[in-house]
Amino acid sequence: MNTKTIVITGGPGSGKTSIIKELEKRGFTCSEEVSRDIILKAREDGIDQLFLTNPIQFSELLLKGRKEQFHTALASNNEFFFLDRGIPDIPAYMEFKGDEYPEFFSEACKEHKYDAIFILAPWQEIFTNDNERYENFDQALEIHEKLIETYTKYGYALRDVPFGSIEARADHIIDVVKAL
């Protein structure tokens with residue numbers, strides 16, 4: 001079986017994790033966002049914001065984790081495998097921050113191709129900060145634009161997910177992927 005790799009992306013606080021949890025609840029195989037684990041591990045090591053203090057190291061750890069998720073998805077026996085963010089999110093965030101990055105990040109984006117990308121726009125009503133999210137809502141809007149630019153640069157047609165309940169948003173994604 002050829003597993004379809006489906007990325008759900010968007011700026012911080014747009015509802016990605018809630019949708020991933022809803023898809024898991026419905027029996028779909030999903031991968032969770034790896035950045036939170038990296039952030040928490042760095043904090044255990046005494047680094048409060050690894051992305052801010054050493055963005056390349058943080059991004060290399062993200063790349064490793066997202067590549068592993070991609071290969072796990074391909075090796076699965078599932079019709080669909082949903083991923084909370086994809087590899088192109090990494091250069092999008094570095095561009096948002098204004099950081100230069102090594103070419104191997106771009107190469108990874110070209111070598112690991114997903115079957116579909118869903119993007120969630122920032123949504124003021126559900127946006128909240130937490131211990132792992134340092135961006136404010138205006139920055140979430142900027143990140144959203146960088147995500148659109150970056151995924152488009154790598155040849156993806158992004159599919160918007162309309163605002164609505166978590167269930168309705170998950171229904172929308174499921175309806176679209178079943179038609180792929």
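Where is Thr 5 found? Thr 5 is found in strand β1. I will come back to that residue after some ground rules.

This is a predicted model, so local features need pLDDT of at least 70, side-chain atom pairs count only at pLDDT 80 or more, and totals for chains, interfaces and linings use all residues. Residues are numbered from 1 along each chain as its sequence is written, and side-chain values use heavy atoms, with hydrogens and water left out.

A word on labels. Helices (H or I, at least four residues) and strands (E, at least two) are DSSP runs, numbered from the N terminus. Two strands pair if DSSP finds at least two bridges between them.

Now the sheet. It is open and has 5 strands. The order is β2-β3-β1-β4-β5, with parallel pairing. Strands β2 (29-31) and β5 (158-160) stand at the edges. Each has a single partner strand, so one side of each is left without a neighbour in the sheet. From one strand to the next, the twist averages 25 degrees. For angles, axes are lines fitted to C-alpha atoms, for helices over the stretch in contact, and angles run from 0 to 180 degrees between N-to-C directions.

Next, strand β3, residues 80-84. With β2, strand β3 pairs in the parallel sense over 3 bridges. Ser 31 stands opposite Leu 83. Thr 29 has Phe 81 as its bridge partner. With β1, strand β3 also runs parallel, and 5 bridges join the two. There, Lys 4 has Phe 80 as its bridge partner.

How many of the residues of β3 are buried? The count is 5 of its 5. Buried means under 20% relative accessible area, exposed means over 50%, and partly exposed is in between (1.4 Å probe, protein chains only). In a regular strand the side chains alternate between the two faces of the sheet. In β3, both faces are covered. Phe 80, Phe 82 and Asp 84 are buried on one side, Phe 81 and Leu 83 on the other.

Back to Thr 5. At 0% relative accessibility, Thr 5 counts as buried. Contact here means heavy atoms within 4.5 Å.

On to helix α4, residues 55-75. The helix has 21 residues. From first C-alpha to last, α4 reaches 30 Å, close to the 30 Å expected at 1.5 Å a residue. That expected span is 1.5 Å times one less than the number of residues. The buried residues of α4 include Phe 58, Leu 62, Arg 66, Gln 69 and Phe 70. An α-helix has 3.6 residues a turn, so residues three or four places apart point the same way.

Arginines next. Arg 66, in helix α4, is buried, with a relative accessible area of 3%. Beyond four places in sequence, Arg 66 touches Glu 33, Val 34, Arg 85, Gly 86, Ile 87, Asp 89 and Ile 90. Arg 85 sits in the loop between β3 and α5 (89-97). At 6% relative accessibility, Arg 85 counts as buried too. The phi of Arg 85 is near 85 degrees, a positive value in a residue other than glycine.

Helices α5 and α7 pack at an angle of about 130 degrees, with their axes 8 Å apart. That makes α5 oblique to α7. On this scale, angles under 35 degrees count as roughly parallel, over 145 as roughly antiparallel, 65 to 115 as roughly perpendicular and the rest as oblique. The contact includes Asp 89 and Ala 92 of α5, with Ile 143 and Leu 147 among the residues of α7.

Leu 147, in helix α7, is buried, with a relative accessible area of 0%. The C-alpha atoms of Leu 147 and Asp 89 are separated by 6.3 Å, though 58 residues apart along the chain.

Is Lys 97 buried or partly exposed? At 31% relative accessibility, Lys 97 counts as partly exposed. Lys 97 lies in helix α5. Beyond four places in sequence, Lys 97 touches Phe 51, Leu 52 and Pro 55.
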